[in-house]
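Student: I would like to learn how to read the features of a protein model. Can we go through some of them in turn?

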Amino acid sequence: MSNENASSGAVIGYARTSTADQHAGLDDQIAELNAAGCTRIFSEQVSSVDAARPQLQAALQFLRDGDEFVCTKPDRLARSTTELLRIVEELTQRGVRVRLLSMNIDTNSATGKLLLTLMGAVASFEREIMLERQRAGIAKAKAEGKFKGRAPTARAKTAEVHRLVAAGCKPAEIMKLTNISRASYYRIAKAV
């Protein structure tokens with residue numbers, strides 16, 4: 001790392017392993033972050049998929065303009081490329097430099113910015129492909145008569161709402177009895 005790209009603020013690190021059984025992996029990450037010059041390291045042993053990551057949130061809140069945020073790998077920081085790009089973008093807007101050691105990505109360099117842009121393009125492409133497959137699957141299921149769509153909720157209760165209105169029930173009572181929202185009640189009542 002050249003001195004011209006060095007940040008003037010604190011160098012903050014973040015390390016995470018998925019389970020308490022991976023203690024050695026956490027120690028390795030912390031050693032890497034120390035070698036990268038981190039003066040403070042936030043660490044936790046929690047799955048990124050199943051749980052909140054309080055130490056990540058604490059690290060993100062701790063960072064200030066001019067600081068540098070360092071993580072060993074992208075998957076230690078984010079659940080997906082989309083989340084990674086969101087975190088990096090938010091930090092960059094706050095004046096925080098981000099470094100991912102395993103990929104040699106540094107948001108202060110043109111190459112780092114290019115790599116993040118490419119990651120964003122790939123994430124967007126993957127999302128579009130997934131949506132195309134989903135639409136094709138729905139079309140096929142409809143053609144085979146297997147796709148019914150989302151079951152109507154309030155509209156299925158129209159007759160019951162009309163019956164309760166005719167019986168003289170108050171709107172709040174009808175909403176409670178039929179378990180429909182205020183907007184749904186008035187949409188149905190207006191159609192009478």
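Predicted model: local features only at pLDDT ≥ 70, side-chain atom pairs only at ≥ 80, totals over all residues.

Student: Is Tyr186 buried or partly exposed?

Tutor: Tyr186 is partly exposed, at 38% relative accessibility. The rings of Tyr185 and Tyr186 form an aromatic pair.

Student: What is the geometry of the pair formed by Tyr185 and Tyr186?

Tutor: Two values describe a pair: the distance between ring centres and the angle between the planes. For Tyr185 and Tyr186 the centres are 4.8 Å apart and the planes make 80°. An angle over 60 degrees counts as edge-to-face, and this pair is therefore edge-to-face.

Student: How many aromatic pairs does a search of the whole structure find?

Tutor: The search finds 2 aromatic pairs. Besides Tyr185 with Tyr186, there is a tilted pair of Phe42 and Phe62, with 5.7 Å from centre to centre and 55° between the planes. This pair links distant parts of the chain, 20 residues apart: Phe42 belongs to strand S2 (residues 40-45) and Phe62 to helix H2 (residues 54-62).

Student: What should I know about nonpolar cores?

Tutor: In soluble globular proteins, nonpolar side chains tend to be buried together. Here the largest nonpolar core has 21 residues. Tyr14, Leu60, Leu63, Phe69, Leu77, Leu84 and Leu91 touch the most other members.

Student: Which element supplies the largest share of this core?

Tutor: Helix H4 (81-93) does, with 4 residues. Other elements supply at least two residues each, among them strand S1 (11-17) and helix H5 (110-143).

Student: Which residues are in contact with Leu91, leaving aside its neighbours within four places in sequence?

Tutor: They are Leu60, Leu63, Phe69, Val96 and Val98. There is also a second, separate core of 8 residues, including Ala154, Leu164, Ile174 and Ile188.

Student: Where does Gln29 lie?

Tutor: Gln29 lies in helix H1 (residues 23-35). Gln29 is buried, with a relative accessible area of 7%. Apart from neighbours within four places in sequence, Gln29 is in contact with Ala15, Arg16, Thr17, Thr72 and Arg76.

Note on methods. Residues numbered from 1 in each chain as written. Heavy atoms only, no water. Buried < 20%, exposed > 50% of the residue type's maximum accessible area, 1.4 Å probe, protein only. Contact = heavy atoms within 4.5 Å. Phe/Tyr/Trp six-rings, centres within 6.5 Å; stacked < 30°, edge-to-face > 60°. Core = buried A, V, L, I, M, F, W, Y, C linked by side-chain atoms within 4.5 Å.
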